[in-house]
Amino acid sequence: LPVLAIVGRPNVGKSALVNRILGRREAVVEDKPGVTRDRVSYKAEWSDRRFTLVDTGGWEPDAKGINASVAAQAEVAVDLADAVLFVVDVNVGATATDEHVVRMLRGSKKPVILVANKVDDVRQEAEAASLWNLGLGEPHPASALHGRGVADLLDHVLTVLPKVSAVAKEEVGGPRRVAILGRPNVGKSSLLNKAAGEERVVVNELAGTTRDPVDEQVEILGKVWRFVDTAGIRKRVHLQQGADFYASLRTQAALEKAEVAIVMIDVTEEISTQELRIIDLVLESGRALVLAFNKWDLLDDDRRRYLEREIEQDLAHVAWAPRVNISARTGRHLEKLVPALELALESWDTRIPTGKLNALIAELTAEHPHPVRGGKQPRILFGTQVSTRPPTFVLFTTGFLDPQYRRFIQRRLREIYGFEGTPIVVNMRVRE
Ligand code: GDP
């Protein structure tokens, strides 16, 4: 899906705008800066067009270092987005920070739409007009809080937002795209350096972007891979505040471009919520997944036993992901990444013929029928795989299936087809 990012200084109304676009009332709009939300991207829809909305407002820097952090935020958003909504509060007008960010946005050559927010009534429209000065073209007056102008704004967005994300348009048949993910110091850059060796080929892709999104093509065992967003790995960002949020956005930007993710885990540290959150982002993105346990050279027997327990407990939900135990420092077993990546991608691309799928469903439902609910027994009429990458199935049913039952089907699909390294999705449509 094409990506629309919302950028602007703290308190200009980014969250309110996100809520308005998503058509929700309940969600977070708080006046105090510094409110952190975990989620940064949402699926949105307008006039039958679907897109991903990225909210950079989850991380609100304080006045200190505000320039740097808003700029950093904008930079990631631009890497990730196909179009940007730049929000200014008309009651405040354009500040020096805004001007700084605008220069960067204009350099990006991505479509940027200027939103003059907090125009709650007609009288304020004159102030909106003064934002022509920013050089971003026509300011679009809106009141995110009251909804004024938002429909027009979205109509305009659809005229500049490409139908397909720039990422998806990339040629197929080129090297497969890999994101290396993990919290700071797990060894991402070490892995990259070891794998790339002297043979670094930097590819500056995604026409129109001037900075960050740099990929590197790396040959491992005679096969070329494209590691995406390596600039994000090599460039260290030192932020006091918002570091998690920034990392999360970075991770999503990389995932957006990748087909498969290597999530690196440091075996000398406990598996933390950070790892779990990264894995969640991979699952949410629907990309293939390989787990790389790094710093294996530092592992002793005690820690090893403990690690095994941790894996069993914390990573049970991704037990299907291939695991490799490596040392980015010594180069140990790096070559094992290749078959793991290949396996994950092969699963990600798997298509099960409808005939086979339905034979399986018939077998499963005969063996283990759905329990009767409210006097009726929901039946699966038939199933079909609607897409690959990741494999996505739709079951047509005569009633709602229990979540446990859906999980049962999902589990059996895995048992039979493996799907090692890929999430799978099972949806259902009730036929009345
Ligand atoms: P990044 O932040 O994920 O890119 O992590 P780095 O690649 O910068 O690594 C962080 C630190 O861990 C550095 O001091 C590395 O030398 C060290 N390191 C990375 N991989 C290994 C490994 O496999 N074994 C050991 N012993 N140290 C490692």
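Reader: Where is the place of asparagine 185?
Author: This is a predicted model. Phi of asparagine 185 is near 70 degrees, a positive value in a residue other than glycine. Its place is in the loop between strand E7 (176-181) and H7.

Reader: Which helix gives the largest share of the shell around the ligand?
Author: The ligand is surrounded by 16 residues, and the closest are Gly187, Lys188, Ser189, Ser190 and Arg329. By class, the shell has five nonpolar, seven polar and four charged residues. The largest share, three residues, comes from helix H7 (residues 188-196).

Reader: What does the domain assignment of the protein give?
Author: The protein has 432 residues, with 14 helices and 16 strands. The assignment gives domain 1 (3-166), domain 2 (170-346) and domain 3 (354-430).

Reader: Which element gives the largest share of the side of domain 2 that touches domain 3?
Author: The contact takes ten residues from domain 2 and seven residues from domain 3. On the domain 2 side, strand E12 (288-294) and helix H12 (337-348) are the elements that give two or more residues. The largest share, three residues, comes from E12.

Reader: How many nonpolar, polar and charged residues are on the side of domain 2 that touches domain 3?
Author: In soluble globular proteins, nonpolar side chains tend to be buried together. The side of domain 2 that touches domain 3 has nine nonpolar, one polar and no charged residues.

Reader: Why is E12 largely enclosed by the rest of the structure?
Author: Ala288, Val290, Ala292 and Asn294 point one way from E12, while Leu289, Leu291 and Phe293 point the other way. Residues on both faces are buried. E12 is largely enclosed because seven of its seven residues are buried.

Reader: Which residue in E12 stands opposite methionine 264?
Author: Strand E11 (residues 260-266) and E12 run parallel and are joined by seven bridges. Opposite methionine 264 stands alanine 292.

Reader: Which residues touch the most other members of the largest nonpolar core?
Author: This core has 93 residues. At least three residues come from each of domain 1 (3-166) and domain 2 (170-346). The residues that touch the most other members are Val84, Phe86, Val263 and Val290.

Reader: Which residues does valine 84 touch, not counting residues up to four places away in sequence?
Author: Valine 84 is one of the core residues that touch the most other members. With residues up to four places away in sequence left out, valine 84 touches Ala5, Val7, Ala77, Val78, Leu105, Lys110 and Val112.

Reader: Which strands and which helix do the buried residues of H1 pack against?
Author: Helix H1 (residues 14-22) is mostly covered, with eight of its nine residues buried. Those residues are Lys14, Ser15, Ala16, Leu17, Val18, Asn19, Arg20 and Ile21. They pack against strand E1 (3-8), strand E2 (41-46), strand E3 (49-55), strand E4 (83-89), strand E5 (112-117) and helix H5 (150-160).

Reader: Which are the edge strands of the open sheet of six strands?
Author: The strand order is E2-E3-E1-E4-E5-E6, with mixed pairing. An edge strand pairs on one side only. That applies to E2 and strand E6 (140-141).

Reader: Which residue in E3 stands opposite valine 3?
Author: E1 and E3 run parallel, joined by four bridges. Opposite valine 3 stands threonine 52.

Reader: Is aspartate 48 buried or exposed?
Author: Aspartate 48 is in the loop between E2 and E3. Its phi is near 65 degrees, a positive value in a residue other than glycine. Because aspartate 48 has 6 C-beta neighbours inside 10 Å, it counts as exposed.

Reader: Where does proline 390 lie?
Author: The peptide bond from arginine 389 to proline 390 is cis, with omega near 0 degrees. Proline 390 lies in the loop between E14 and strand E15 (392-397).

Notes: Residues numbered from 1 in each chain as written. Predicted model: local features only at pLDDT ≥ 70, side-chain atom pairs only at ≥ 80, totals over all residues. Core = buried A, V, L, I, M, F, W, Y, C linked by C-beta atoms within 7 Å. Buried ≥ 20, exposed ≤ 12 C-beta atoms within 10 Å, placed from the backbone. Domains from an automatic or database assignment. Contact = placed C-beta atoms within 7 Å. Near = placed C-beta within 6 Å. Nonpolar A, V, L, I, M, F, W, Y, C, P; charged D, E, K, R; others polar. Pairing = 2+ DSSP bridges.
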